[in-house]
Amino acid sequence: MMSASLLLAELSYWQQTSIRVGAGLAAVLLVAGTLVYLHLFKLVSFMQSRLGPMEAGPFGSLQLLAEVGKFLQKEDIFPRKADRFVFAAAPFVVLMSTFLLVVVVPGGPDAWFVDSELGIYLAMAVSSVSVIGILMAGWGSASKYSLLGGLRATGQLIAYELPLILAVLGVVIQAETMNMQGIVMAQAEGEIFGFGGIGNPYLLTQFVAFGVFLIAMQAELTQTPFDMPIAESELVTGYMTEYSGMRFLLFFIGEFATAGVFSAIAAVLFLGGWYIPGIDPADNLMNILGPLVMVGKIVVLTFLIFWFRFTFPRFREDQLQRLAWKFLIPIALTNIVVTGILKVAF
Amino acid sequence: MTAISDREQLAYLAAQAADARVNVELESEGMTLNIGPQHPATHGTLRIVAKLDGEQVLSADPVMGYMHRGYEKLAEVRTYPQVTTLINRIDWVGSFANEVPFILAAEKLMDVEAPPRAQWIRTILFEMSRIANITLFLGDMGLQVGAVTPAFFAFRDREHVLNQIEAATGGRFHPNFDRIGGLKDDLPAGWITETRRVMKKMRSFCDEMEQLVQGNEIFEARTRGIGVIPADVGLSYGLSGANIRASGVDWDVRRDNPCGMVHNELDWKVWTHPDGDSFARFWVRLQEVRESTKMVDQMLDGLPSGPIMAKVPRIIKVPAGEAYVETENPLGVMGYYVVSKGDLTPFRVKIRSASFNNISIAPWLLKGVYVPDIVTILGSLYFILGDIDR
């Protein structure tokens, strides 16, 4: 891409690549850590009338390091009848899908990992890799709880991929591109009835798709009310039941990192991504401010995720399938049709 | 001609055999799922052996006894005042209520009656232990269907009640406060005002639960029509308490057979629900907490003065005879059948605890439901493991 100019112009290809890999790791792990601290530790604690961690670091901010250290020390237990290779590989497959997802998320005019013309298409495709990992975990654990959890998760993730993709399609039709940068630019340069002051975040026109996307995202992340695969009051922790130590930590990171990355995608699609109204999107300053704007939007969206998670009871398996097939998919299809008609009409 | 028909027959047989093979392959063999003894949904150590076909339950058998502590036998080698220490731990979240029927049975045998003030305070503490107990259920039911936050709210607000129980009796969980012929102590200074405040708080907690849990669409979808107990089936299994009142049976020992407590001098209502499903059981319990807070308020207003201990000998010897007393405990009807031979210790104590009967309907109720509903149903039956195993 031509605009990879001032900041990265003097660097050779391998230097740029290593910066991007490092930034990708940071984007996944730092964001996941922030979300765990901000939401899981603190926000939820305040919701539940407790304080959360207070001892490690100021306001318990270093608690996460203590938790990671604890998990690293723990014994890596394999169940006796487990399929050792499948069992061991499953968390990595799940985490891999997260890292593959993050590559399409742009953070600024030059702050991108992969600038693919099929960006959102790629994201939707690789997000389903995690299903394989979860099924591997469920099957490889040789535990009945894990198996039930894994099968439930598979059914659910496949069912909710459809509304997720259909919700995205509305945005793609409106932006006329699948490129994530292109979607951001389309929003930054858009106008609301001739008023271009804040661009045109697709939240305003695609609010139906945004709702469907949020619900389907919640289900893809297997967060309550769609946490039937985990269902700690029935299946202990579903497909993660037999995992301990490092491998459990990988699942844990995967869960929160995926929440962050999906929120980032939602921010790009509906909230305008990294652009700030009033600053020229090609400005080099945006390479610094853009990622911060993204993190801010991610925090807001994940706040919604965790708010729902700690407020609602969970759907039963048949109820959540019914929600997907009978409500979300028809709504998303209608949204596509309406968007298409309006697109042609105007 | 014959050859062709043979061939046709062979083809027919081959097709039959292929069909049969496919059927055998499609027929999955059942899976036996051991829910428990260590499992988050069983409140302790209940084990449920569930035979599953996919996620559907073919049969489910509760296996109890993992926490059997032999209280009936242990009671035989303890003097009457010592027994309350043990039986306190039967239903450990509403423990004062466990002591009352035993003490009442002993009083009946000795022909003593507690003075009015003792009876009133006894009833206050009895109702407060009900509030503490059912508050836990209200939060826990949310947890069973997947909502984490109500449980924290329940623990937060139950603490106020437990603080009051502790202030009066000295024990948060195991007061051991009831005595034959009265109570150990009078109420401390300032307790009544503080308890009024706590009761107000508990009523607002009930409102909160009504909005947060009962009013939630997902909660309704998960509990309405799940685990329906018809009244006659429930009665034949010996269900009691809110479980049977939720099936429309208007039966409350506090009103119908009051003994040693003052419920009949108060203005209150027995709530029933016609549906008999999990939602109805939640609803009835929620109303019960509210009703109990009103009762406590009334009793605080009308608390008589006077002694809190009747005249009983220092060393208690219970005259020979037998007595059965049952009360409406938080979990259902709890009764003690005490046989005395005139010694310092009871000759035999038979404990009728509510949860044992309440859980006995589980195999009937769980047949044909799906795995997620097991937890909803068990949660709504509301048992305490100590109350099952004793």
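Visitor: How many residues of chain B are in contact with chain A?
Guide: The model is a predicted one. In it, 25 residues of chain B are in contact with 24 residues of chain A. A pair counts as a contact because the C-beta atoms lie within 7 Å. On the chain B side, strand S1 (31-35) and helices H5 (116-144), H6 (149-169), H8 (217-223) and H15 (371-381) each supply at least two residues. That side divides into 16 nonpolar, six polar and three charged residues.

Visitor: What confidence does the predictor give to chain A and to chain B?
Guide: Chain A averages a pLDDT of 84, with 97% of the residues at 70 or above. Over residues 1-6 of chain A the pLDDT is below 50, and this stretch has seven contacts beyond near neighbours in sequence. Where pLDDT is low, the predicted coordinates should not be read in detail. For chain B the mean is 85, and 96% of its residues reach 70 or more. Within chain B, helix H1 (residues 2-26) is lowest at a mean of 70, and helix H12 (residues 278-301) is highest at 90. The model as a whole scores ipTM 0.77 and pTM 0.83.

Visitor: How do you know that the length of helix H11 (residues 317-345) of chain A agrees with its residue count?
Guide: H11 of chain A has 29 residues, which at 1.5 Å a residue should span 42 Å; the end C-alpha atoms are 41 Å apart, so the two agree.

Visitor: Where does H11(A) bend, and by about how much?
Guide: The bend is about 30° and falls at A:Leu328; a proline, A:Pro330, follows within four residues. A:Leu328 is also one of the buried residues of this helix, which include A:Leu320, A:Leu323, A:Ala324 and A:Ala332. The buried residues of H11(A) pack against helices H6 (144-175) and H8 (207-220) of chain A, and against H15 of chain B.

Visitor: Why is B:Asp111 called exposed?
Guide: B:Asp111 has 8 C-beta neighbours inside 10 Å. The label applies at 12 or fewer, so B:Asp111 counts as exposed. This residue lies in the loop between helix H4 (95-110) and H5 of chain B.

Visitor: Is B:Tyr382 buried or exposed, and what makes it so?
Guide: B:Tyr382 has 29 C-beta neighbours inside 10 Å. The cut-off for a buried residue is 20 or more, so B:Tyr382 counts as buried. B:Tyr382 sits in the loop between H15 and helix H16 (385-389) of chain B, and its phi, near 55°, is positive in a residue other than glycine. Across chain B, buried residues make up 49% of the 390 residues.

Visitor: Which residues touch the most other members of the largest nonpolar core?
Guide: They are A:Phe213, A:Ala216, B:Ala106 and B:Ile374, in a core of 208 residues. H5(B) gives the most to this core, with 15 residues. Leaving aside neighbours within four places in sequence, B:Ala106 is in contact with B:Tyr80, B:Ile180, B:Val318 and B:Val338.

Visitor: What is the peptide bond from A:Thr224 to A:Pro225?
Guide: That bond is cis, with omega near 5°. A:Pro225 is found in the loop between H8 and helix H9 (245-270) of chain A.

Definitions and conventions: Residues numbered from 1 in each chain as written. Chains lettered and ligands numbered in written order. Predicted model: local features only at pLDDT ≥ 70, side-chain atom pairs only at ≥ 80, totals over all residues. Contact = placed C-beta atoms within 7 Å. Nonpolar A, V, L, I, M, F, W, Y, C, P; charged D, E, K, R; others polar. pLDDT = per-residue confidence, 0-100. Expected span 1.5 Å × (residues − 1). Bend = angle between axes of the 7 residues up to and from the residue. Core = buried A, V, L, I, M, F, W, Y, C linked by C-beta atoms within 7 Å.
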